[in-house]
Amino acid sequence: MSQFILKRIVESLIVLFIGSMLCFIFIRMLPGDPAAALYGDQLQKMSEADRVRINENLGLNEPIFNQYGKWLSQVFHGEWGQSLSSGENVTTIVVQALQPTFMLMLSSHLIIFVLAIVFGIISGYFRKSFIDQAITVVSFLFMSIPSFWLAIILMLFFSVYLRVLPTSGIGNSNWGEFLRYIIMPSLVIALSHVGYYIRLLRNHIATSKESGFVFALKARGIPEHLILLNHLIPHAFIPFLSFTGMSIAVSLASSVLVETIFSWPGIGRLALKSALTHDYPVLLAVIMLSMFFVITVNLLVDLICAWIDPRIRTNFLEEGKK
Amino acid sequence: MYKNIKFIFVAIAFFSVFVLAGCLGDNKEQVDTAEKKQLIYAVESEIKKVNPILDESQEIDTLLFRGLTKPDENNNPQPDLAESWNISEDNLTYTFQLRKDAVWQDGQPVTAKDVAFTFNKIIDPSTNTPISGEFNQLKSIEATEDYEIVITLHHPYPPLLDKLKVGIVPEHILRNENINETDFNQNPIGNGPFKLKEWKSDDTIILERNSSYYGPAPKLEEVIFKVVPDANTRVLQLKTGEIDLALLEPNQLASIHEDDPFTVHEISTADYRAVMYNLRLPLFQDKRVRQAMNLAVKREELVTGVLAGKGEPAYGPLQKSWAGIPQKEWYTYDPEKAQQLLIEAGWVKGADGILTKDGERFEFELVSPIQDKVRVALANVVSEQLKPLGIIAVPKPIDQHAVDYDGEDALIIGWGSEFDPDDHTYRLFHSNEIGDGKYNFGAYQNQTVDELLIKARTATNTEDRKNYYRKFQEELAIDPAYNFLVYLDALYGVNKNVSGISNRTLGHHGFGILWNIEEWDKE
């Protein structure tokens, strides 16, 4: 097992390394540069001489591989550099943005899990019933609604008409108020993703309900509710978890949009802002962090699956032996 | 069985987190402490640093840092930190007397040393600032006494007094700092009517009244800058009263109702849009061709169609200035005259309806930066309006970073200074201003214009200057460098409880709304 984990970690490090190099090179290919970003909509006032001068000050005129080497050695010393646009320490900026995004991910996935587990199981267990069809329609509806639209509608409803929730921002550090602020953005992320989870659970439960082992259990006279609780649900848990691993990456990406609409000061908005202002050190740090996060979550999911399902565990152990 | 226990364990783990979150929800809401007179301003982009010498147009800077001069309601420079000034006969030496009661928030006096430091930093090549170009006429700046500063110029530069509104920064704090990266940029020590109270982690910035400010005490107790990147969210927040002030877009006006707690202030700006011709191309050499295109554009249509009526037709660069003259009569829509001029210039319509001359078609690319929706729309409509004449202007929206200002056939340009008329005329239309870092992108050359602009910038008498600018505008209409299209209005959504907003003509993108913040009040 430990050998397996070690192998996965080494693989992850290689992915991170290659990813960082590609990102470093690709973000330089975007049209524009930090000097241009500094001028903003006054860009027409920037002379070529200014561009060269400012990029020189920022150390961007060196050959790109030298810059990458410097950056990499910095990173190995735990130093992520300075933001090109504000001069602040990158670590500080990123750490500051981390907590809001973490909270948003946590709360939206809590909503997703609760909704998906309840409705996915109902829908799968009573397949082709009226309730299944209703759940299916609703989940397809939410899958196809663009999240930015849903966000505006929720704001209109809860903030403008009902006046019960604040439209955007993160509030003060007070917990109660924070919850009021986090409800809408988490709902938007949750609703636009929950459909996939419900479909997944539904299909899994519905198919395994027809499979041989359920008939066998029925034949042994085990009550239906126990079959569901002890066999069908645990059985569906593995694909559900694996899907979560993949889906977290997607929801991280969609948080860019949601965080922008709700003025949520998280990683998504930081990514967008640093991409727009060509703030390379910040953008790289954010990308590396997201990569690290996605890889870690997937690793964790694999481990949890192995822990739950002995078959997968055996596979791991065999792989480890090889 | 083992399997079930594990499953239940995982399920319990999930549920306990959820229940925990539910408990937190029961916490009582904290009520805002005592009602304060605070103005909440929603801005589109995050404020990353507050330092007037590192930014061109950032509203917050003017609340914390004051400069030598400030504009008045008519955009004339008035004394601020400078009490008075003398200008030498040759217009090259400016001597300023500073007021002696101005102090930094930390109690240190604001002296001539700070002023000299500020401008030397702005022109220092190692400072990453977009405003160094505004001060390239500065030859030297010297603190001759504690409260006296002498500025000498390379050439006469009438807009200098307007430009000197840039905030002064404290030398005693920044002397040994790297200005691009210093902590000061997030912990500013200013001399203005407000000072930093708190810079929150979500980039909301709370300013409070600065009791040591030398000027009249602001009526507002706090000004809060809140980042709201999404334009629709800003409107919704105005509706709920969460914010008091935000810049709006014309297409949002339809969603605003009378019973909303805010009104829309339409403020005129000097910010215009025009088609700039690259006169390096033979196509545009003949001024009759440019005159014809000027006559073929329906400017009212552009205002109603593209700007939702929030703007006005543009006929020249100084329309909003004291030096402006009405120029409408030259360029009201007149397709027959336009046709006539083109025929005189030797262009005839071919079988396909497109103008040709010596086997060449009248065709050029009209570039606009894709990030600016208004400019893209203007390019499209202008292109349509030129079609009936047989002129093919191919709209070409490209990434703003890829625009080659000196090299495109024609492009939708935006300029306009609300201050001295010299600022955005000499630098745009004088033939000395062609080349890298200079703003005569279209290589416009006209000897009469050159002479008039020189005379206008060196004349000391306002009447004389006005006279020269009148002649300049007449000449520019005869030999157009641009096809002026529209002036934009700035639209601000303002809470009905807020008062004190002035209607001073604003600059680029409605920048400068907070210029008289001391007079703002909230019920």
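Student: Hi! What does the secondary structure of chain A come to?
Tutor: Hello! In this predicted model, chain A has 13 helices and zero strands.

Student: And what does its C-alpha trace span along the principal axes?
Tutor: About 85 × 65 × 35 Å for chain A.

Student: Let's look at helix 5 of chain A. Where does it bend?
Tutor: Helix 5 of chain A bends at L98(A), by about 25 degrees. A proline, P100(A), follows within four residues.

Student: What should its 36 residues span, and how far apart are the end C-alpha atoms?
Tutor: At 1.5 Å a residue, helix 5 of chain A (residues 90-125) should span 52 Å. Its end C-alpha atoms are 50 Å apart, which agrees.

Student: Nice. At what angle does helix 5 of chain A pack with helix 12 of chain A?
Tutor: The angle is about 50 degrees, and the axes are 10 Å apart. The two helices, helix 5 and helix 12 of chain A, are therefore oblique to each other. Their crossing is right-handed.

Student: Which residues make that contact?
Tutor: V90(A), I93(A) and V94(A) come from helix 5 of chain A, while helix 12 of chain A brings P281(A), V282(A), A285(A), V286(A) and L289(A).

Student: Why would residues three or four places apart point the same way?
Tutor: An α-helix has 3.6 residues a turn, so residues at that spacing point the same way.

Student: Switching to chain B: how do helix 12 and helix 13 of chain B pack?
Tutor: Helix 12 (residues 447-458) and helix 13 (residues 462-478) of chain B pack at about 160 degrees, with axes 9 Å apart. That makes helix 12 of chain B roughly antiparallel to helix 13 of chain B. Helix 12 of chain B passes helix 13 of chain B in a left-handed crossing.

Student: Who's in the contact there?
Tutor: On helix 12 of chain B, the residues include L452(B), L453(B) and K455(B); on helix 13 of chain B, they include Y468(B), F472(B) and E475(B). The residues of this contact divide into eight nonpolar, one polar and four charged.

Student: Last topic: how many residues of each chain are in contact with the other?
Tutor: 55 residues of chain A are in contact with 51 residues of chain B.

Student: Which helix of chain A gives the most to that side?
Tutor: Helix 3 of chain A does, with six residues. By class, the side of chain A that touches chain B has 24 nonpolar, 21 polar and ten charged residues.

Note on methods: Residues are numbered from 1 along each chain as its sequence is written. Chains are lettered from A and ligands numbered from 1 in the order in which they are written. This is a predicted model: local features need pLDDT of at least 70, side-chain atom pairs count only at pLDDT 80 or more; totals for chains, interfaces and linings use all residues. Axes are lines fitted to C-alpha atoms, for helices over the stretch in contact, and angles run from 0 to 180 degrees between N-to-C directions. Angles under 35 degrees count as roughly parallel, over 145 as roughly antiparallel, 65 to 115 as roughly perpendicular and the rest as oblique. A crossing is left-handed if the near helix is turned anticlockwise from the far one by less than a right angle, and right-handed if clockwise. Two residues are in contact if their C-beta atoms, placed from the backbone, lie within 7 Å. Ala, Val, Leu, Ile, Met, Phe, Trp, Tyr, Cys and Pro count as nonpolar, Asp, Glu, Lys and Arg as charged, and the others, Gly among them, as polar. The expected span of a helix is 1.5 Å times one less than its number of residues. The bend at a residue is the angle between axes fitted to the seven residues ending there and the seven starting there.
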